[in-house]
Amino acid sequence: MIRTRLIHYGGSQRFKIYGTLKCKSGKKMMKENRVFFSSVNDAIENGYRPCGHCCKREYAVWKIAMLPDRNAW
């Protein structure tokens, strides 16, 4: 499915992180923890967060969204 370009993203089942198939961090991942996604929305719907290396922009947005609400204090 990767060769036919139906799969665009890979992820770590253990750490719930997704990224591009060319990511250096993703290539180091253990084979038994790998999962694949056809789209970013597919990964997000399954509870995965963006990789900080290959998806820097998406990761920054995700990280800001995860910060606690300072107005609640």
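The following legends describe close-up views of a predicted model.

In this predicted model, local features need pLDDT of at least 70, side-chain atom pairs count only at pLDDT 80 or more, and totals for chains, interfaces and linings use all residues. Residues are numbered from 1 along each chain as its sequence is written, and side-chain values use heavy atoms, with hydrogens and water left out.

View 1. Beyond neighbours within four places in sequence, S12 is in contact (heavy atoms within 4.5 Å) with I17, M29, N33, V35 and Y48.

**View 2. Lining of the largest pocket.** The space in this pocket is about 420 Å³. Of its 25 lining residues, G11, S25, G26, K27 and M29 are the closest to the centre. Two or more lining residues come from each of β1, β2 (17–20), α1 (24–27) and β3 (34–37). A pocket is an open set of points on a 1 Å grid over the protein atoms alone where a 1.4 Å probe fits, with protein on both sides within 12 Å along at least five of seven lines; lining residues have an atom within 4 Å of a point. The volume is the space filled by probe spheres set on the points, which are joined across faces, edges and corners.

**View 3. Confidence by element.** Mean pLDDT (the predictor's confidence in each residue, from 0 to 100) is lowest in α1 (86) and highest in strand β4, residues 49–50 (97).

Definitions and conventions
Helices (H or I, at least four residues) and strands (E, at least two) are DSSP runs, numbered from the N terminus.
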